[in-house]
Every structure is written in structure tokens, then in C-alpha cells.
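I am opening a notebook on a structure that is new to me. I will begin with the chain as a whole and then turn to single elements and residues.

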Amino acid sequence: MPANTSIFHGRYSIVAKLASIITGPSPQHVCLLGPGGIGKTSTALAVMEHPDVRTYFTDQLVWVPCVKATSFSIFLDTLHTSLGIATKSVNPLNDILSHLKGLSVPIVLLLDNFETPWNVNESEVEGVLRKLRKSSHITLFITMRSSTPPCADLPWVPINLQAVDAAAARDIYVEYQQNSRDDPALPRLLALIGHMPLAIKLLARLSTVTGLSAEQLIEGYNKEGTRMLGQGPDAENNIDICMSLSVYSSRMKAHPNAFTLLCMLSMLPVGTSYQTLSRWWAKGMPNLAGMLDVLRSTSLVEATGTTFFVLPVIQRYIRHPSRFLDWVRVCMIESACSFLKEHRPSSCARSKSIMKSLSSESNNLEAVLLTATADPRIIRYGLLRLARYQRHHQPRLDVIEHSLKLANDIDDKIVQAGIHYWHGQILSILGHRGRALHAYTQALPLYQFVSDRRSSVNCRLALARMMRHIRMEPFAVQQENLVAAQGDCDRIGDDRLSARCLVQRGALYAFYGRPVLALQMLLQAEPILALDSYRHSYCSRKISQAYMSLEDYDSAHQWATSAFEEIANLGAATAYAAAASNLGRLYHRFDKYEEAIRSMRRCQEMYASLGRPLPSYYLFIMGLALVGAERTTDGRRVLDEALRMLPSEEGRSDYIICWQFILHRADNQMVGPTPDEMAALRRRYPGPTIIDTILSPSFSIHSLPTLFRCL
């Protein structure tokens, strides 16, 4: 039995479990399954070194290295040699069985890398296994690159070995490379390789020899892939050799379509279901179920529930240009576009099922489409459709910024305009308002150049929202923009689009302190938008805010509740959060602070589902509600967090200055505003009432909820 590695973490519970299985009152046969590099051999050897195993089997622990047993005769020779049988007749199998039958003590045979002889000559090797299992004193312990044990009808205890967890991965790496203990990029490096033990060991050794930091290794791995870890002489020290034993196994060679399917799955980072494979990604592939079975039997594809996926290290190995089938990439991009064409979000009864399908495949669609080149058709029907979905449900910039890079290489003004428009949409959701405004100003002249009035109106409406948020343009400029949009609507003759213009004009008037005029426009638009739940909810929210300005809180609550309930059924995350925050703000006005806190918690949960922190304005509402509920310590902590977030959000310089001073003043009434702070207060809050309240000698943190009702 060879000595195991001295660096061993994250497998102690599974080692103890396996030791108890093979030394219990009725010892059972074990099959340890998993892909190459996952740590099957080291785990099996650790089991052999377990004190209970050593005691139970005394010195009858036999390691049979099957990795080079590429024929049935070599397998028998390897087993014969490992058992230390002195004589060899013309029938080595009889020698082996006779030797084992003559033993009077329990013995364990560790058949390591058993997939090699099994894949070469399954029927004859199966016969040997069945004969070995007839002896009650023989315990078989097999390690194998597969997802299913050999002779599936036999009562094995199959264990599918997974990658180690993040903590164990770090312990392994640090024990090899002790200087990396405090490297902040180490968790990202280990996640990049999926916490696979062999890859961890090789990266740590590489770092030790070269002195490369985790960040430098990430950069190198992203560029070179597994080739970076392919310098060793054998499978234990070379990832490429380790992977090749499975990829170029006899079973894979016998089924060429299995490699094609593996290339497809290697482009899908979160895996997919059989149904989605058969209908979209691998549509038309003959014997798809059979090819999946081949990939599972070689442990090149894993399965969790109904999802089939490829481990990160195997993905990188397959995706190397020397191995990957480039025509597969083209087919996958076409499949992504077809999927997005079929799964266009709508307000119909199918919308929820469409959203569910898009949500499950969104990361896969992104990974595939990020490999696309400058093809206007692919950008329009793939990248921009995905960007539109992400804007509402998973806002991030990768897809739209990839489109932006491709924009210079195409001569299609409509597509270029769409890229800038959706870039602005996602930037605005992420709080980058200045950049969003710039994106819209780039899109608008392109839409006008191609005389696309409808898209021009949409762009102007987006511009109106950004101008209002940033306050960079005076009221007259903002009004002129919306009047131009209304003029285009009149020429188009689209009542619903005209209603959306009215909503933005109403929002503008409400923002500048003219709620009566705002309400007239909003109530005029509301019935026209009744069939568009998303925009109707937005209109209802603006009506609620107008009534709030008029201090008609019952009407405000009615419209705010209606807006929230309507958007809750659509699954639009950011719109849901906005409607919930509107309710929270209203509850704050009623001094119903606990209800306000619950509404803001809904916002927080929705943003957390998107992997994003709650925006500063929402945090301010929550913090002030906590103060109002006499949870002052928690409230102040949340307000400080909101204040820390403000510098990262564009278009809020006066807002930052004002709230920094307000919170400072709440802590210390002796503090007065600097000239810059007073100028910001006057710009932000014209008129003496609010400023007088802030500068009052009795102003304190407990004054903040009352102040908020006036803002």
C-alpha cells in the first residue's frame, strides 16, 4: 500500500464513514466514483490508513493500481503481482482465486483506477469481480472514473466524491504555499477551478516555484486554461494528462457524438436539463440519452437532480482551441438566439413559465453569447434580447458591454442605437445615472437618423427619467424633451405611447412641486395603460406619490397598494422593490414604522436575490423607520451604511453633502453648516422651513423621521 499525501483536508467525515462501512459487522463492498483529479485515490488511501481499518484487516490491505491495465491479461498480471503470489501458472486467474481462498483472515482489495480494465474488456473483468465477491472474507474497494459502479446489479455502496468545500480548498492551498495565507484573491482562484483537489495542488506548487500571486494565477489561468497545469510527467502531476485519460478513453472513442455533446455542455457553466438539451442546445443529436450515459459513465459530466453539468476544470480543458470543435460554438449561438426568440417576455398567461425558463438558462445564454462576434443579426436577436431580460431581472453589464465592443464593427444604425439604449437602461438600474444619461444621448440621434419615431420616444422617456434624477438640466429643458416626445407620439398615433409620455410629464410636474397638474396628467394616462401591467403599476405609483404631496394619504395608500399588488405578479425585481419602497415611505408618513420596515425588508430581499445591495435612498427610508420605531442604534447603523454608499452613486453630490451635514447635526447640535453645505441645502431644499428645522437647537436623531416627512 503506497503512502498517502501528507496534505489532506476536507475528507475526514467521508473517510470515517467508509472505514465503518468496510469494518462493520457485515462489511460491504465500496465503489468510490468521480472524475479524474477529484481525490478518489487519496481518499481511498486515507481509508486504508484509518486505525479501525488497520486493526480489522491487519496487514491484508492490497493496493491494485489498474491505471495501466489496458487489457484483460495485464489486469490479471497486475492483480497477481499486487497480491505477491510467488508462483504463476498458465491460468493466472486460478492462481489468484486459489491464493485468496487459502487466506484465513479478512482482506481488502483496493482496485484503483478500475475504469481502465473495465472499459477495455467489461465482460471478462465483470466475471472476475463476481468470482471475487463470492468469498465472504474479501472486501472490494474500487475507485473509478464513472457515475455508476460496475455490475450495477451487485450490492455496492456507491459514493460519488464531490470537490472539497471552500475552507478545505484554502487549507490545501495554504499548506503547499504558506505565503498565500492572506492573499485576498485566493478564494476567487479556488472558485475558478471548482475546488478540485488536483488543480489546487498544482496551482499551489506553481505559485511556490514562480512566486506568482493568486491574482496573477487567475490571469494566467484565464489565458492559458489547463495547459498552465500541464507540465508534470503523469496524471498525478499534470491536469491535461489526467483529463485525457477520460476524454480519450475507449468508451469515448467508440461514440464520437459524446465528445460533441461534451463540447456543448462545456459552454453551459450552470448546466441544463435533458429537456432543454433535447429541445434547444443539442436539438437533433441522435441518441442523446445514450451520449449522456457515455459522458456520465466516464465521469466527464455530473448530474444534480435533473441538471447535467461539466466541472469547471473539465470545461477549461475541453474549451482549449486545440480540442474544442469550433462549429459547436456557432451552433450554440444559433440555439441561444432561437431560445430567446421563443422565450420573449410578455404579459400573457405563458409569461411566468417563460420567466422561469429564462431564469434557469440566463447564465448559460450569457456564457454562449459572450463568444459571439460582430454579426448584427446575432446582436439584435441574441445579445439585445438577453440584455432586455437582464435589465428587469438580473441587471449586469457583461452582455451589453460585449455588444458595445462589437458596435464599432457593424454598419447598422438601428442595432447600434439599441445597444446604447439598453446600455443606458441597465446602467440606470445599477445606479450609474450619469453614464446612463450619456448612453441615451448617444442612442437618440441614431434613432432619429433612421426615422424610428417609436424608439425615439422610448429613448426620450428614458432621458426624462435620468434628467429628473440627476437634476443637471433645468425644468424647461426637461419639459422640451417630453413635448418633443409627445409630438412624435401624435404623429405615430399610438395612444399607449402617448399615455406613457403623459406619465413622465406628470412625474416631472410632481417633482417640481406641481402635484395638481401632475395628477391630472397621470389620471388621464392611467386607464389607457390598464392592459400593460408593468407600466400601469408605474403610473399607479406616481399617482400615489402625487396624492402624498397633496397630503391625501388615504388615496395615496390605495394607489400605492394597487401598484405593489400589480407588480408583485410580474416578477420584475427592481420595479417590485420600487413599489415596496413607495409603500414603506407611505407607512412612514402614517407613523406605522414597523410596516415601513417590513416593506423595506421586501426591497432588501429582492435586491439580495439579484446579488446587489439595497440602494442608498431605500436604506435611508429603512434607517429612518428604525429610528421612528425607537430602534435608534440599528437605525443609525443603517443610515451610516446609506451614507457610505452615496459616493458610489452618480448624480447625487448635493444629496451627499446635505445628508452628511444632517446626520452630523443630529449627533451634535453645536455644529453649523459650512458655506458649501448651506449652498447645497438651499439648492436641495428651497425655502426656509426645512433648513430652519435642521438648524433648530432641538434637532436630534429623533427629529429625523419628522424631517423625512417634509422632504
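The entries below record what I looked up.

**Entry 1: the chain.** I noted at the start that this is a predicted model. I counted the secondary structure and found 37 helices and eight strands. The C-alpha atoms fill a box of roughly 105 × 60 × 45 Å along the principal axes. The chain has 711 residues, and 55% of them count as buried. I also looked at contacts between residues at least 6 apart in sequence, and 67% of these join residues at least 24 apart.

**Entry 2: the nonpolar cores.** I asked which residues have the most contacts inside the largest nonpolar core. They are Phe141, Leu261 and Leu262, in a core of 130 residues. Another core lies apart from the largest one and has 81 residues, including Tyr538, Met548, Ala596 and Phe620.

**Entry 3: helix 14 and helix 16.** I looked up how helix 14, residues 256-266, packs with helix 16, residues 288-297. The angle is about 80° and the axes are 9 Å apart. Angles of 65 to 115 degrees count as roughly perpendicular, and the two helices are therefore roughly perpendicular to each other. On the helix 14 side the contact is made by Asn257, Ala258, Leu261, Leu262 and Leu265. Helix 16 contributes Leu288, Met291, Leu292, Val294 and Leu295. I sorted the residues of this contact by type and got nine nonpolar, one polar and no charged. Leu261 and Leu262 take part here, and I had already listed both for their contacts in the largest core.

**Entry 4: strand 1.** I then checked the partners of strand 1. Strand 4, residues 138-144, runs parallel to strand 1 and is joined to it by four bridges. In that pairing valine 30 stands opposite phenylalanine 141, a residue I had met in the largest core. Strand 5, residues 157-160, also runs parallel to strand 1, again with four bridges. Here cysteine 31 stands opposite proline 158.

Entry 5: I found three strands in the order 6-8-7, with antiparallel pairing. Strand 6 (272-273) and strand 7 (302-304) are at the edges with a single partner strand each, so one side of each has no neighbour in the sheet. Three bridges join strand 7 to strand 8, residues 307-309. I looked up glutamate 302, and its bridge partner in strand 8 is phenylalanine 309.

**Entry 6: leucine 614.** I located leucine 614 in the loop between helix 31 (593-609) and helix 32 (616-628). Is leucine 614 buried or exposed? Buried means under 20% relative accessible area; leucine 614 has 5% relative accessibility, so it counts as buried. Setting aside neighbours within four places in sequence, I listed the contacts of leucine 614 as Met600, Cys603, Gln604, Tyr607, Leu619, Met622 and Met645. I also took its distance to leucine 300, which is 40 Å from C-alpha to C-alpha. In sequence leucine 614 and leucine 300 are 314 residues apart.

Conventions
Residues are numbered from 1 along each chain as its sequence is written. This is a predicted model: local features need pLDDT of at least 70, side-chain atom pairs count only at pLDDT 80 or more; totals for chains, interfaces and linings use all residues. Side-chain values use heavy atoms; hydrogens and water are left out. Axes are lines fitted to C-alpha atoms, for helices over the stretch in contact, and angles run from 0 to 180 degrees between N-to-C directions. Angles under 35 degrees count as roughly parallel, over 145 as roughly antiparallel, 65 to 115 as roughly perpendicular and the rest as oblique. Contact means heavy atoms within 4.5 Å. Ala, Val, Leu, Ile, Met, Phe, Trp, Tyr, Cys and Pro count as nonpolar, Asp, Glu, Lys and Arg as charged, and the others, Gly among them, as polar. A nonpolar core is a set of buried Ala, Val, Leu, Ile, Met, Phe, Trp, Tyr and Cys residues joined through side-chain atoms within 4.5 Å. Buried means under 20% relative accessible area, exposed over 50%, partly exposed in between (1.4 Å probe, protein chains only). Two strands pair if DSSP finds at least two bridges between them.
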